[in-house]
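Me: I would like to go through this structure with you, one topic at a time. Please keep the answers plain.

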Amino acid sequence: MSSDHKESSYKQKNIELADLLTKQLIVSNEDFEKVSALLSKEFDRGLRSTEDSFVKMYLTYVRSLPNGEENGRFLALDLGGTNVRALLVEFHRSQSESSATESNQKQQQQEPQKGSIEIIDSSIETIPTEIFHGTGEQLFDFIAEFIIEFAFRNKLTGERIALGFSFSFPSIQKGIAEATLVTWTKTFNCSGVVGCDVVRLFKASLERKAHPSIPFIDVVAILNDTTGTLIYGALLDENCRIGLIVGTASNACYVEHSSRIEKWPSNYNDPEQMIINCECGAFGDNYVIDWALTCWDRQLNYESLNLNKQIHEKLISGMYLPELLRRCLLTLIELGIVFNGKTPIELLQPYSIRTRYMSHIDQDDENDKNNFPNTRIALTNIFNMKNPLFKNGFNDSDVKIIHMINRRITKRSANFVANALRTLANRIDNIDISIAYDGSLICLHPHYRCWVEEKLNEFIKTSEIKKRFRLIRANDGSLYGAAIVAAICDR
Ligand code: GLC
């Protein structure tokens, strides 16, 4: 056998081994049937009792969807990631469409059907790192100053302006403007907030920072980012019943019929529905889907800051996928299947790979004839090319293997999302169901949204009731949704 031939059969062997070892990242449709049945059980449990459940199914007290009757100016504030954002909008009732501005009319043609929204101003500010781990008072003073400054800049006048507050952390609501934080997630850990009503804390900061020349900022509603996304989606499409976020974190909400919300027996008046914030990232925290986890999911969980928490989210969201890729690669390196068994230093650092590189890698196609150009570029961004290991560039089989596992991890995430969506859809009576989505992974990845759609269609084939799904992008849904909910409250 010539040395070239030997080399190529050695590479082929590595590809086959990598394929075999990472097959555990592929979840069959039969297994998804089981996962869906388990998730449905957890949904039921959450609707019966928040205390006795893992998937909390929080009441949001948002019961009405926009109907075109919203009118006037409203503020929205969004806290959920590394930035705080503000928005000032003006709603024009449907019947006054003729008086809308030209840009407004353009927007109506593309987007909202009912009434219309005119965006007057928006602002964004990065939250200083020390605030993430400071006191609650410092956090709320910071955002109160930010919104007051925004009100100044827009020369808001009058006595009062209503504000919708998008707050994307697990919270128990007892009303539309009351939310007790259960636990911080993401990078936040401010003291003195868990167990407290976030709206009360925010209002106290607004009072402290109030200025006589700006109107009273009235926090009329607090909502999760998924709820905002659904509400904004409902303005774009009247069949919208599900809100979905797939970004750094992930979660979903949907419109549930009052009679099915056992833990909320008190109210059956119109409209007989409420948006339920599932907090489905916590699905699996009671070990029910452990059988579906790979060794890399387990390792990631064991070494995470929130051990045994947010198991479903750890399979799906953009924060964790690159870490799974890193761990998977380390295994293949240890077995000598990738990089000749030598570990580049960059892979030793947890969470060192950025999510956007996974999107770049996925720009290449599996049957790529061009030798995976985007994967190669992404790898030059991840690794220091001065490393002698890469002096001849990347080896073809390594590139192919990295592309394959990257795709398996991302596709599995999209499949889990599709599975959660069809499980939710089974609870909704409508046949036509639109799903409003937002979040960096689903919006920026080249194929993610299509993969979700493809899997939904596969699931439909075997389901008794043939639902028709439509995925609608609700850009900045959390912020728009907060303004819309404030307007609905004032309707
Ligand atoms: C986390 C939060 C949840 C939020 C999601 C998306 O899972 O717990 O409330 O909706 O992130 O931002």
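Me: From which domains does the shell around the ligand draw at least three residues each?
Reply: The shell draws at least three residues from each of domain 1 (1–58 + 239–473) and domain 2 (61–223); these bounds come from an automatic or database domain assignment. Please note that this is a predicted model, in which local features need pLDDT of at least 70, side-chain atom pairs count only at pLDDT 80 or more, and totals for chains, interfaces and linings use all residues. Residues are numbered from 1 along each chain as its sequence is written, and side-chain values use heavy atoms, with hydrogens and water left out.

Me: How many residues surround the ligand, and which are the closest?
Reply: There are 14 surrounding residues, and the closest are Lys186, Asn224, Asp225, Glu279 and Glu313.

Me: How much of the ligand does the protein bury?
Reply: The protein buries 98% of the 300 Å² that the ligand exposes when taken alone. These areas come from the Shrake-Rupley method with a 1.4 Å probe.

Me: New topic: where is glutamine 310?
Reply: Glutamine 310 is in the loop between α8 (295–302) and α9 (311–316). Helices (H or I, at least four residues) and strands (E, at least two) are DSSP runs, numbered from the N terminus. The phi of glutamine 310 is near 55 degrees, a positive value in a residue other than glycine.

Me: Why does glutamine 310 count as buried?
Reply: Glutamine 310 counts as buried because its relative accessible area is 12%, and buried means under 20%, exposed over 50% and partly exposed in between (1.4 Å probe, protein chains only).

Me: What about tyrosine 61, buried or partly exposed?
Reply: Tyrosine 61 is partly exposed because its relative accessibility is 22%. Tyrosine 61 lies in the loop between β1 (58–59) and β2 (72–79), and its phi is near 65 degrees.

Me: Last one: how many residues of α16 are buried?
Reply: In α16, 12 of the 13 residues are buried, among them Gly477, Tyr480 and Ile488.

Methods:
Near = heavy atom within 4 Å.
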